[in-house]
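Please look over the sequence and the 3D structure before reading on. The paragraphs after them go from the whole chain to single residues.

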Amino acid sequence: MKIRSRAALRFLAAGVAAFAFLAVGAAAATIVATLAGSGAWGAANGSAAAASFMMPAGVALDRTGDVFITDAQAQQVRELSPSGVVRTVAGGPANATSGLTARGGYRDGAAAIARFNHPLGIAIDRFGDLYVADTLNHCIRKVARDGTVSTYAGTSDSGYVNGPRLEARFRQPEGVAVDRVGNVYVADVATGLRKISSSGEVTTIDRQTTDNNEALAVGVYDTDSGPLLYVAERFGLSILHPDGSLERFPGGDDYDVAFPPVPKNVLRIIQARRPIGFPTAVAAIDDHTVAFTDARTNSVRILETVHGTLRIVGGAPNDDASGDTGGLRNGNAANSLFNAPIGIAARGTQLVVADSGNRRIRSISGLDYRHAVAPALGLLDTGFASGGNEYRIAYVGNSSVWYNTGWDDSIEGILERTLNGDRAMSQRVHVVGVAGNEKFGVAAQYAEWLAKLGGVNLVVLNLNSGNLLSSFAGPDGRLPPIATWQPQLTARLRDLRQQLARNHVPLVVVTHPFPNEFDWSESAYTQITQDYSYWYDDTIGKATNAAVRNSGANLIDLWPKFSQYERHASHGALFGGDDFHFSRNGRQVVGEWVAQALERLAPWR
């Protein structure tokens with residue numbers, strides 16, 4: 001199995017016997033706050049609260065906690081220190097000569113005499129040097145730690161020329177990123193995605209797309225195999241993997257773009273067919289998670305690329321507000337407002353955003369980047385660490401256990417919070433989702449592997465009709481007679497239970513219906529547009545439950561719960577309208593139901 005996580009590689013190479021997941025505290029609210037900026041127009045330095053900006057556009061973070069900011073209209077590079085003081089790093093006095101924009105210029109030299117012209121993107125290398133996309137000077141500038149400014153690549157003459165970096169030409173560079181070995185990547189709106197190698201050669205990176213799908217920003221994540229690039233584009237977001245493969249998540253008005261023939265796995269859609277939005281700037285979190293600003297919809301979003309899960313973590317939760325949701329509001333992220341957020345950087349569980357329209361530097365903190373593991377795709381959880389005194393539960397299944405969700409409103413997150421809130425046991429509970437295992441055999445093998453490594457104390461297996469179809473369906477796509485598949489399921493469950501028991505890990509199986517098996521008003525659109533007439537009652541569910549009981553595994557049967565819930569006059573939707581995955585409300589009630597049932601079973605005893 002291909003392992004993409006560096007943490008997982010180190011773990012396996014060490015051959016350690018113990019396996020534990022990252023300990024995470026009780027879920028806290030995601031909070032938006034202002035780090036710096038009074039909101040008044042200007043370029044005043046001083047305390048974070050009193051400092052002013054004209055148009056903060058790019059942010060970069062160093063290892064000591066400093067935030068470096070490009071102030072595009074003030075023509076300056078600014079710094080916010082960990083102690084909360086704003087100062088000018090480089091660029092001359094910002095006196096506006098026309099409207100609200102200071103006059104730009106082009107000059108290298110000491111910090112006080114250096115001049116920029118609408119600097120946008122900014123990145124920092126491992127030595128602490130800054131790289132600035134000096135957009136209207138058509139070049140990349142370098143700011144040394146002492147504030148000295150030099151032209152790193154290109155000149156103030158625009159053009160499109162590759163070659164030695166000081167002979168190369170750019171036309172409108174807006175985004176910049178640097179990898180751990182010193183290669184600099186530039187998103188040039190007019191000439192594409194460019195690379196300045198550490199040896200000083202400028203080349204163009206082929207993104208397999210049309211010329212009008214402009215590259216707006218770039219972020220880099222260093223993997224053991226090389227740099228992985230996230231590219232914000234006019235029509236979505238692309239991922240360039242170290243092995244040369246490419247994925248594209250269409251967004252914006254992607255239907256206006258005619259992509260040339262590319263490998264089948266390139267074009268990806270977001271779960272539940274949500275539009276990805278309009279990526280403006282990107283911050284790489286890991287090799288499958290990226291945060292980005294959407295200046296058109298005044299929002300901040302996180303995309304987890306394996307499951308195609310999109311979350312809006314700041315700003316109004318509209319898929320395309322076309323710019324009519326701009327505002328300023330701190331506090332709970334779900335109620336927050338941004339105004340033309342552009343630059344973004346990630347640090348731990350915090351995002352730092354250049355909120356240009358509000359002339360402030362904002363933070364989004366308390367984020368939980370956890371997601372489901374997808375072993376069928378060769379991906380392990382990136383949160384491997386010592387779990388300490390924890391009771392670790394693996395919640396294993398197909399996409400019913402993880403779809404179109406973030407951690408906070410996932411079944412796993414709700415299950416974890418409920419068990420910890422009820423103090424069901426003396427140990428702290430930590431849950432990890434293991435999703436994407438449509439075939440029963442894949443889920444079982446992964447659960448056995450976790451148990452052998454000592455990584456879990458309990459396996460909860462989610463079992464539904466989707467698993468049965470994937471595991472036992474014939475060539476016509478339908479299940480054979482119950483007498484054919486039920487004994488096989490019993491045998492497989494019995495074998496899994498016994499394998500887990502050898503490592504002192506109990507097995508609990510959760511079963512539940514799909515909408516067409518108990519209430520056709522759920523997911524009504526799907527029922528109307530697709531043929532599910534061959535499934536219309538609980539026959540399959542009853543046979544599944546019998547197989548679980550015959551195997552000796554503990555059973556949590558949610559079928560009665562679903563039917564009772566649906567009879568209430570004020571019930572909420574349990575499933576999404578367009579498919580058979582749980583709705584937000586459905587995940588909430590399932591997480592709570594499973595937690596209550598586990599507390600009654602008490603397998604930890």
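Predicted model: local features only at pLDDT ≥ 70, side-chain atom pairs only at ≥ 80, totals over all residues.

Residues are numbered from 1 along each chain as its sequence is written, and side-chain values use heavy atoms, with hydrogens and water left out.

The chain has nine helices and 34 strands. Both are DSSP runs numbered from the N terminus: helices are H or I with at least four residues, strands are E with at least two. Of the 605 residues, 57% count as buried. Buried means under 20% relative accessible area, exposed means over 50%, and partly exposed is in between, using a 1.4 Å probe and protein chains only. A contact means heavy atoms within 4.5 Å. Among contacts with a separation of 6 or more, 58% are between residues 24 or more positions apart.

In soluble globular proteins, nonpolar side chains tend to be buried together. A nonpolar core is a set of buried Ala, Val, Leu, Ile, Met, Phe, Trp, Tyr and Cys residues joined through side-chain atoms within 4.5 Å. The largest one here has 37 residues, and those touching the most other members are Tyr395, Phe562, Val590, Val594 and Leu598. At least two residues each come from strands S30 (390-396), S31 (428-434), S32 (458-463) and S33 (507-511), and from helices H2 (411-422), H8 (559-567) and H9 (584-601). H9 gives the largest share, seven residues. Leaving out residues up to four places away in sequence, Val590 touches Tyr395, Ile411, Leu558, Phe562 and Phe582. Another core lies apart from this one and has 32 residues, including Leu463, Val505, Ala543 and Val548.

Next come two helices that meet. Two packed helices are described by the angle between their axes and the distance between the axes. The axes of H4 (residues 465-472) and H5 (residues 482-501) come within 12 Å and cross at roughly 100°. Axes are lines fitted to C-alpha atoms, for helices over the stretch in contact, and angles run from 0 to 180 degrees between N-to-C directions. H4 is therefore roughly perpendicular to H5, a term for angles of 65 to 115 degrees. H4 makes the contact with Leu468, Ser471 and Phe472, and H5 with Trp485, Gln488, Leu489 and Arg492.

Six of the eight residues of H4 are buried. They are Ser465, Gly466, Asn467, Leu468, Ser471 and Phe472. Their cover includes H3 (440-452), S32, H5 and H7 (539-551).

Is Asn358 buried or exposed? Asn358 counts as buried because its relative accessibility is 9%. Asn358 lies in the loop between S28 (350-355) and S29 (360-365). A polar atom of the Asn358 side chain lies 3.0 Å from the backbone oxygen of Gly327. Leaving out residues up to four places away in sequence, Asn358 touches Gly39, Gly327, Leu328, Leu337, Phe338 and Asn339.

Gln498 lies in H5. Gln498 counts as partly exposed because its relative accessibility is 34%. The C-alpha atoms of Gln498 and Gly552 are separated by 9.4 Å, with the two residues 54 apart along the chain.

Terms used: Parallel < 35°, antiparallel > 145°, perpendicular 65-115°, else oblique. Polar contact = N/O pair within 3.5 Å; in protein donor to acceptor, adjacent residues only side chain to side chain.
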